[in-house]
Each structure stands twice: as C-alpha cells, then as structure tokens.
Amino acid sequence: MLRWLIVVFLALLLISWVRPWLEKMGLGKLPGDFHFKLFGREWFIPFTSTLLLSFVLSLLTKLL
C-alpha cells in the first residue's frame with residue numbers, strides 16, 4: 001500500500017511539473033479536457049489528453 005501511495009505522489013508531482021510544457025504543445029485544450037470552477041478553485045481534468053498520451057506511449061513501448 002505504501003508503494004502505491006509513493007507512486008501516486010510521484011506521478012502527481014511529475015504531472016504538475018510537466019503540465020505547462022504540455023499546454024504549450026496544445027494538450028489540455030482538446031475537446032474532452034474539462035476546466036471548471038468549484039468551491040472557489042479551478043479544476044482541470046485532462047481526459048482526452050490523457051488518452052492520447054497513453055496511446056502514444058503504448059505505441060512507443062511496442063515499437064521499442
């Protein structure tokens with residue numbers, strides 16, 4: 001259980017670090033990426049961008 005918590009924490013840290021770079025490339029602005037305000041905070045759910053990135057990464061791993 002502790003390993004999964006560490007993996008999730010590191011993944012969230014990596015995503016928050018890479019997010020501005022991905023937005024410059026156009027990811028995060030695709031149809032299906034949700035932006036909304038709730039309880040005074042802005043929330044971002046990159047559903048389509050996540051699917052696209054996972055597809056690209058799976059293709060890369062199969063080719064290499």
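Start with the whole chain, coloured by secondary structure. Two helices and two strands make up the secondary structure of the protein. This is a predicted model. Follow the chain from the N terminus: the elements come in the order α-β-β-α.

**The overall shape**

Now zoom out and show the C-alpha atoms. They fill a box of roughly 45 × 35 × 20 Å along the principal axes. The radius of gyration of the protein is 14 Å, whereas a compact globule of 64 residues would have one near 11 Å.

The accessible surface comes to about 6,100 Å². Carbon and sulfur atoms account for 76% of that surface. Buried residues make up 9% of the 64 residues.

Next, turn to contacts along the chain. Take those between residues at least 6 apart in sequence: 12% of them join residues at least 24 apart.

**The hairpin**

Select residues 33-38, strand β1, and residues 41-46, strand β2. These two strands run antiparallel, and six bridges join them. Click on Leu38, then on Arg41 in β2: the two are bridge partners.

How many residues lie between the strands of this hairpin? There are two. Phe39 has a positive phi, near 60 degrees.

**The largest pocket**

Which elements each supply at least two residues of the lining? They are α1 (2-24), β2 and α2 (47-63). Colour α1 separately, as this helix gives the largest share of the lining, nine residues.

**A buried serine**

For the last stop, select Ser49. This residue is found in helix α2. Is Ser49 buried or exposed? Ser49 counts as buried because its relative accessibility is 4%, and the cut-off for buried is under 20%.

Now show what surrounds Ser49. Leave aside its neighbours within four places in sequence. Ser49 is then in contact with Leu27, Gly28, Leu30 and Asp33. Of these contacts, pick Leu30 and draw a distance between the C-alpha atoms. Ser49 and Leu30 are 6.8 Å apart in space, C-alpha to C-alpha, and 19 residues apart in sequence.

Terms used
Residues are numbered from 1 along each chain as its sequence is written. This is a predicted model: local features need pLDDT of at least 70, side-chain atom pairs count only at pLDDT 80 or more; totals for chains, interfaces and linings use all residues. Side-chain values use heavy atoms; hydrogens and water are left out. Helices (H or I, at least four residues) and strands (E, at least two) are DSSP runs, numbered from the N terminus. The radius of gyration is taken over C-alpha atoms; the globule rule is 2.2 Å times the number of residues to the power 0.38. Buried means under 20% relative accessible area, exposed over 50%, partly exposed in between (1.4 Å probe, protein chains only). Contact means heavy atoms within 4.5 Å. Accessible areas come from the Shrake-Rupley method with a 1.4 Å probe; for residues, only the protein chains shown count as cover. Two strands pair if DSSP finds at least two bridges between them.
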